[in-house]
Amino acid sequence: ISMRKVKYNEKIAMGVLVIIILLAIFFIPKLNFTNKEIMTPIYNPKNTGLETFRLGIDVSEHQGTIDWKAVADSSVDFAIIRASYAWNDTGDHTDKTFKENIDQAQKHGIAIGAYHYSYATTPEEAKKEAEFFLSQIKGIQFQYPVYYDIEDECQDDLTKDQLTEIVLTFLQTLEKAGYYVGIYTNPNHISQLDMERLKNYDLWIANYNLQNVYDGDYGMWQYTCYGKVHGIAGNVDLNYCFYDYPAFIKKLQKNNY
């Protein structure tokens, strides 16, 4: 092999390496909330009329003890915090860090919402979950919706009508109690829901792609579960919010009282 050919091959390899590096710089999502200016949405949902967006996290006891001051000093605007899962057993089914996370987030000026992870397979169980969730969030002032998390494998074999009834039962119970509610799920479970019947409720969708492939309307997009945020050890879910929930919920509360 001639030296000229070796040098030519080296140039090709170097060119390929440069292309790979450039692609990584421009197309791999940035996972650390340290500079809001470089965190730009890759895709905007339809019909939102959005000119700005907000950056947030969602957390549970799986994140351990969080340094909320450090989180607040980063570019995090809001946090959706797990309150509970399943129903009835306060000891086992209450998120062990919920109260601390709520108190510390509020103390450090971070807007909050909450969510309940569902194991319900009937409307009756969904009603129990709603009542249990209400018992955990009573008296807390939220700036973001409270969400029903639908994604468990125990619900995989339910029909579209069955799962939709479960979701409606939970959301309507929370609405009657005066909360602004939404659905959290992923594209697989959306296919199990009658979104026409649920169109009046806000959607928070989990989709870990460079673009959100869901074609419907949504208010929040959880775009990765491998985020890094100051104050949190390990990975954390990161979200884009495309709607000014704090202003909207404040307006609703003002009109209701």
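The legends below describe close-up views of a predicted model. Residues are numbered from 1 along each chain as its sequence is written, and side-chain values use heavy atoms, with hydrogens and water left out. Local features need pLDDT of at least 70 and side-chain atom pairs count only at pLDDT 80 or more, while totals for chains, interfaces and linings use all residues.

**View 1. Confidence along the chain.** The mean pLDDT (the predictor's confidence in each residue, from 0 to 100) is 84 for the chain, and 78% of the residues score at least 70. Residues 1–8 stay under 50 and have one contact beyond four places in sequence in the model; contact means heavy atoms within 4.5 Å. Residues 24–49 also have pLDDT below 50, but this stretch has 60 contacts in the model beyond near neighbours in sequence.

View 2. Helices (H or I, at least four residues) and strands (E, at least two) are DSSP runs, numbered from the N terminus. A residue is buried under 20% relative accessible area, exposed over 50% and partly exposed in between (1.4 Å probe, protein chains only). Strand β8 covers residues 236–241, and six of its six residues are buried, so the strand is largely enclosed by the rest of the structure. Both faces are covered: one carries V236, L238 and Y240, the other D237, N239 and C241. C241 has a relative accessibility of 1%.

**View 3. The partners of β8.** Two strands pair if DSSP finds at least two bridges between them. Strand β1 (residues 54–59) pairs with β8 in the antiparallel sense over five bridges, and D58 is placed opposite D237 in β8. Strand β7 (residues 220–227) is also antiparallel to β8, joined to it by five bridges.

**View 4. W221 and Y240.** W221 belongs to strand β7 and has Y240 in β8 as its bridge partner. The two residues are 19 apart along the chain, with 5.2 Å between their C-alpha atoms. W221 is buried, at a relative accessible area of 0%.

**View 5. Helix α5.** This helix has 15 residues, 123–137. The expected span of a helix is 1.5 Å times one less than its number of residues; for α5 this gives 21 Å, in agreement with the 21 Å between its end C-alpha atoms. The buried residues of α5 are A126, E129, A130, F132, F133, L134, Q136 and I137. An α-helix has 3.6 residues a turn, so residues three or four places apart point the same way. After α5 comes G139, with a positive phi near 85°.

**View 6. N101 in helix α4.** N101 lies in α4, residues 98–107. Its relative accessible area is 2%, so N101 counts as buried. Leaving out residues up to four places away in sequence, N101 touches V59, S60, I66, W68 and I81.

**View 7. P187 in helix α7.** P187 is part of α7, which covers residues 187–190. P187 is partly exposed, with a relative accessible area of 31%. Beyond neighbours within four places in sequence, P187 contacts I205, A206 and N207. V213 is 26 residues from P187 in sequence, and their C-alpha atoms are 8.2 Å apart.

**View 8. Cysteines.** A disulfide is taken as a pair of cysteine sulfur atoms within 2.5 Å, and the count by this rule is zero. C154 is partly exposed at 33% relative accessible area, whereas C241 is buried.
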